[in-house]
Amino acid sequence: MKSFINVQDIGPLDKAMAEAFEIKNDRYKYQHLGKNKTLMMIFFNNSLRTRLSTQKAAMNLGMNVIVLDVNAGAWKLETERGVIMDGDKSEHLLEAIPVMGCYCDLIGVRSFAGLTDREYDYAETVLQQFIKYSGRPVFAMETATVHPLQAFADLITIEEHKTVERPKVVLTWAPHCRALPQAVPNSFAEWMNAAEDVDLVITHPKGYELDPKFVGNARVEYDQRKAFEGADFIYAKNWSNPGVTNLADYGKITCEDRSWTVDTEHMSWTNNGKFMHCLPVRRNLIVTDDVIESPNSLVIPEAANREISCSVVIKRMLEAL
């Protein structure tokens, strides 16, 4: 596996899931694979779970780890071609990337959407430059449009906690005070579709339609209560307007309806549903205290599984070196 961005990159999903549970049972079984190998983790944006879980996974596999925070301890990097670099950016990504590749065997990249230019974001411009110029296998630690490590962990969590063979899983939009990217909901929808044994419903206000290539075969329901009825899992996440129905709205907050906040009443519509969120979460905006603190909240097991999903990905990349 030379790159990991989408669910297709992981190969047969049943095999990847089996590998995840194997690794969860013995996290150090493949420690020999990473001996004398180095992972470089490159962060253009803040991180807690991704930073810690990825570093832990690499260490479990016997790797050395280098963490680089761009713009906080390194030169500020220019990402655009043709720019006269007379501002505050001292180095171009096209020189920095191959230099980074000299010092490692694998590269993980975290770079969020700018939310101003949909074409630029959805082309995954920054990530693709790492793939093209680093000379190393590259995996996404959340990018402008996807967060596959999170979605893989979400799928592991659902598999562990489901009580029916084909659970109803609802991805629900929730309000937020800031414009957020679509990376998490995009990947969540993509991976749930690929799982096949999941009945996926996506609910959000009109105008917040995700890109069809991620929605896939999921049912879109604009009535949140109807969507929640009989659900086994509720995955709450905010995303800014994806600009699918109106490009001019891309990256904007075009709905602030607080009735979409997931509270006890919302969860009462479900089939004793489990609550999920990728974290960090704005309490009493995305979800109320009583729901996220309830016995049916899976946010901590979900976060713990980030170590497992990342271990599978790094293991596959090490095996391909």
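Predicted model: local features only at pLDDT ≥ 70, side-chain atom pairs only at ≥ 80, totals over all residues.
Student: How does the radius of gyration of the chain agree with that of a compact globule?

Tutor: The idea is to set the value for the chain beside the value that a globule of this length would have. With 321 residues, a compact globule would have a radius of gyration near 20 Å, and the chain has 20 Å, which agrees.

Student: What percentage of the residues is buried, and what is the accessible surface of the chain?

Tutor: A residue is called buried when its relative accessible area is under 20%, and exposed when that area is over 50%. By this reading, buried residues make up 56% of the 321 residues. The accessible surface of the chain comes to about 13800 Å², and 49% of that surface belongs to carbon and sulfur atoms.

Student: What share of the contacts joins residues 24 or more positions apart?

Tutor: Here we look at contacts with a separation of 6 or more, and ask how many of them reach across the sequence. In this chain, residues 24 or more positions apart account for 79% of those contacts.

Student: Which residues of helix α3 are buried, and why are they said to line one face of the helix?

Tutor: In α3, which covers residues 93-102, the buried residues are L93, L94, A96, I97, M100 and G101. Seen down the axis of α3, these buried residues fall within an arc of 160 degrees, so they line one face of the helix.

Student: What do the buried residues of α3 pack against?

Tutor: Their partners include strands and a helix: β2 (38-43), β3 (64-69), β4 (77-78), β5 (91-92) and β6 (106-110), together with α5 (125-133).

Student: Where is E19, and is this residue buried or exposed?

Tutor: E19 is found in helix α1, residues 13-25, and it counts as buried because its relative accessibility is 12%, a value to be read against the cut-off of 20%. When residues up to four places away in sequence are not counted, E19 touches V312, K315 and R316.

Student: Is K206 buried or exposed, and where does K206 lie?

Tutor: K206 lies in the loop between β9 (199-203) and α8 (212-215), and with a relative accessible area of 67% it is exposed. The C-alpha atoms of K206 and E265, which are 59 residues apart along the chain, are separated by 22 Å.

Student: Which contacts does E221 make, leaving aside its neighbours within four places in sequence?

Tutor: E221 is found in strand β10, residues 219-221, and counts as buried at 13% relative accessibility. Its contacts, with those neighbours left aside, are V201, I202, T203, H204, K226 and A227. As for distance, E221 and V170 are 51 residues apart in sequence and 9.8 Å apart in space, C-alpha to C-alpha.

Student: Where is H147, and which residues is H147 in contact with?

Tutor: H147 has its place in the loop between β7 and α6, and counts as buried at 4% relative accessibility. Leaving aside neighbours within four places in sequence, H147 is in contact with T50, R110, M141, E142, A183, V184, S187 and R306. H147 and V184 are 37 residues apart in sequence, yet their C-alpha atoms are 5.4 Å apart in space.

Student: Which residues does a cis peptide bond join?

Tutor: For a peptide bond, the angle to read is omega. A cis peptide bond joins L279 and P280, with omega about 0 degrees, and P280 is in the loop between β12 (274-276) and α11 (289-292).

Terms used:
Residues numbered from 1 in each chain as written. Heavy atoms only, no water. Rg over C-alpha atoms; globule rule 2.2 N^0.38 Å. Buried < 20%, exposed > 50% of the residue type's maximum accessible area, 1.4 Å probe, protein only. Contact = heavy atoms within 4.5 Å. Areas by Shrake-Rupley, 256 points an atom, 1.4 Å probe, with all protein chains shown as cover. Helix = DSSP H or I, 4+ residues; strand = E, 2+ residues; numbered from the N terminus. Arc of directions from axis to C-beta.
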